[in-house]
Structures are given as C-alpha cells and as structure tokens.
Amino acid sequence: MAVELNELRDKIDSVDKQIVDLLAQRLSLVEEVGKVKSEHGLPIYAPDREAAMLASRREEATRQGVPPQLIEDVLRRVMRESYASEKDSGFKCLRPQLRSVVLIGGKGQLGSLFARMFRLSGYNVEIIERDDWDNADPILSRAGLVIVTVPIHLTESVIAKLSGLPDDCILADFTSVKTKPLQAMLNIHKGPVVGLHPMFGPDVPSLAKQVIVCCNGRDVDAYQWLLEQFAIWGASVCDVSAEDHDHGMTLIQALRHFTTYAYGVHLSQVKPDVQKLLQLSSPIYRLELAMIGRLFAQDPNLYGDIILSSPENLAMIENYKVSFNESVRLIQEGDRHAFIEQFNAVSDWFGDYSQQFMKESQSLLKHAHDAVHRG
C-alpha cells in the first residue's frame, strides 16, 4: 500500500509542478497585457472580460468533470495576483501637462499608496507633512492637484491653510466624512473642488474592484480626468452626495467599528484563551475573531476619529444600544416566540439579499476553512 500511495503522490507532485509552470507562464503573459493596457490607457479591471472568461472556463470544467466552482475559485485567486502584476507595469498618464500632484499627509499609509499610483502613472508628486508648512507656499503655488489625506480631526484646519492655490488647481480630500470638509474646501478655494473617500485600506494589492466615493463640489468637468485615472487604476467610482455618504458611513464605518471595538473590549475583560478559541472555532467565528483582531492591530487614532467624527454616529450607536437592550430583554424573559417573530421580521426586511449574502458568505467561509492548519 505504501509503495502504491507513494507512486500516486509522485504523480500528483508532477502535476502540481506543471500547474506552477503554467501559472508562471500566465503571469508572464499578464505582464505583457499590462504593458499594452498602459500604452493605450485601458483599465486593469475589465468586468465584462472577466465575467465572460469565467463563464467560459466553468463550461470547460463541467465538460471535463471538474467542479466549475473549483476552477472559478482558482481563477479568481490568479486574477487577483494578475491585477497586482499589471499594476507594476505602470499606467497611462491622462494629464501629462498637469503641474505637480501635491499630497498633504502623503507619507501616511493611504497617502503613500496614492503617491505610488500617481508616480506609476508618470505624474510629478510632491508631499507636504506637518513639519513642512514653512516651505509649503512654493510647492502649493505650482500644484495642479492638491489632495488632503490627514486624520479627520485635522482635515478642516489643514484645508484652512490652502487659500493661495492657483485658480485652476483641483482641491480634493480623502477624508471618511464628507459634508464639512467639502464645504470647507468650497469656502477656501474658488477653483475645482471634489470630495473623495477611498473605501479601502492601504494594504490592498491593487485598486482593481476597489471603490472610491466621489462627492461633487465644483467644476466637475475640470476633474473628470482624475476620476478616469482612478478607473484606469481599476477602481470603481461611486457618485453620491456628501450628505448621503455621511449618513451611510454611520452604519458602514462608525457603527460597525464601534461594535467590533466593544466586542474586543469585552473579550479582553473576559480573557478567554485565544488559542483554545481558535481550536474550537467554526469558520465563521474564526473570521469574526480575525476581524476583531484586525481592528486592534491598527492605529487607534484612526478608529477614534471615525467613531467620534459626528453627532450622527453617536445617535446611531445609541439607537443600536436600544435595539441591543430589547434583544437582551427577550433572552432574559425566555420569550422564544418573540425571538422567532423578531428573527422572521428581520429576515423579511432583508428579502432576497438574505440568500445572496448566504451564497457570498459560504464562499468566504470555504476560503477561511482552507487556510486553517490543524496540526
């Protein structure tokens, strides 16, 4: 049996090596694709091409008796690597005549990411940090685009220093709240103004499929090229009003981060054995624990800024507290009937999204389970 098993394993090893060789060939071709896209200003993410390719490969897999989901999982992981490889080929510069791109706070994590993207596209990038303001005037006087990417609580005070920008300079910010910073920019600068919010962290391998929120300020035509440049980098630009953005962020960011924070605080007080929790975890709890740990591995000032950025956030958290206490009351009273009624009411509110999220979460859980090593 051992001899037979070793022979089969040798054959599997041989096939695996062929897979590695084929992946190397594919990534090499991707580099060539990146060069062509860069030359012609094509975005690295082409959703129609991706969808058609995946559908074709699923059909081929089915014909050969391979689970179609398997080949889709493999290809999606390969494509993620491919998008990162294409990024390294550089991008077409849509405004080669543009004066300097100035990133205020450009040595921060998000600022550094965008500084690199602009440089990959051939723009001249200059950076202003907190100790550079004595020498900032010459830099700002030659700016074609200024982006403020500093902590929320500093944003408006930094914007207030930008009164001397050239009239045709585009003024933008990357803050995760939009209404007040956008108005501050409109008040200080008479030229083009736009509020931007990258909905991702600085650790993304590429901007493919990432969302950048755009809140229009003034002279949309003047900065349309910038939005198109984001698209070339692979990002999806989402147009929304500043008010709608801020209202959405109370749920998407403030409440979500607060509940994660509160759960982490609770765990630290209960002091469970984290290693034991991991041994006992289902894939879904492991993911939940990972998201809690991810938050506390980052800068507390960032999350403090987000959660404390507006009274609306506090109001939403207070409302959540009321809902939480009501749910606790049902458990205290042992009211199974009321619990099920509430459960069904929430399920009805989600509607068809429940099944959509079930499918999406099943895929995430499979990947999380695959990554687990149990020795």
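Me: In which sense do strands β3 and β4 pair, and over how many bridges?

Reply: Strands of a sheet pair through backbone hydrogen bonds, in either a parallel or an antiparallel sense. In this predicted model, β3 (residues 143–148) and β4 (residues 170–173) are parallel, with 4 bridges between them. At one of these positions, Ile 147 has Ala 172 of β4 as its bridge partner.

Me: What is the order of the strands in the sheet?

Reply: The open sheet is built from 7 strands in the order β2-β1-β3-β4-β5-β6-β7, with mixed pairing. Its edges are β2 (125–128) and β7 (236–239), each of which pairs on one side only. From one strand to the next, the twist averages 25°.

Me: Which strands does helix α8 lie across?

Reply: Helix α8 (residues 220–232) lies across β3, β4, β5 (193–198), β6 (211–218) and β7, and runs at about 175° to β6.

Me: Where does the largest nonpolar core lie, and why?

Reply: In soluble globular proteins, nonpolar side chains tend to be buried together. Here the largest nonpolar core comprises 39 residues, and Phe 114, Phe 118, Leu 196, Leu 207, Phe 230 and Trp 233 have the most contacts inside it. Because domain 1 (1–86) and domain 2 (100–240) both contribute residues, this core lies between them. A second, separate core has 24 residues, including Ile 104, Ala 136, Val 146 and Leu 162.

Me: Which residues does Phe 118 touch, leaving aside those up to four places away in sequence?

Reply: With those set aside, Phe 118 touches Val 101, Tyr 123, Val 125, Leu 145, Ile 147, Leu 226 and Trp 233.

Key. Residues numbered from 1 in each chain as written. Predicted model: local features only at pLDDT ≥ 70, side-chain atom pairs only at ≥ 80, totals over all residues. Heavy atoms only, no water. Core = buried A, V, L, I, M, F, W, Y, C linked by side-chain atoms within 4.5 Å. Buried < 20%, exposed > 50% of the residue type's maximum accessible area, 1.4 Å probe, protein only. Domains from an automatic or database assignment. Contact = heavy atoms within 4.5 Å. Pairing = 2+ DSSP bridges. Helix = DSSP H or I, 4+ residues; strand = E, 2+ residues; numbered from the N terminus. Axes fitted to C-alpha atoms, helices over the stretch in contact; angles between N-to-C directions.
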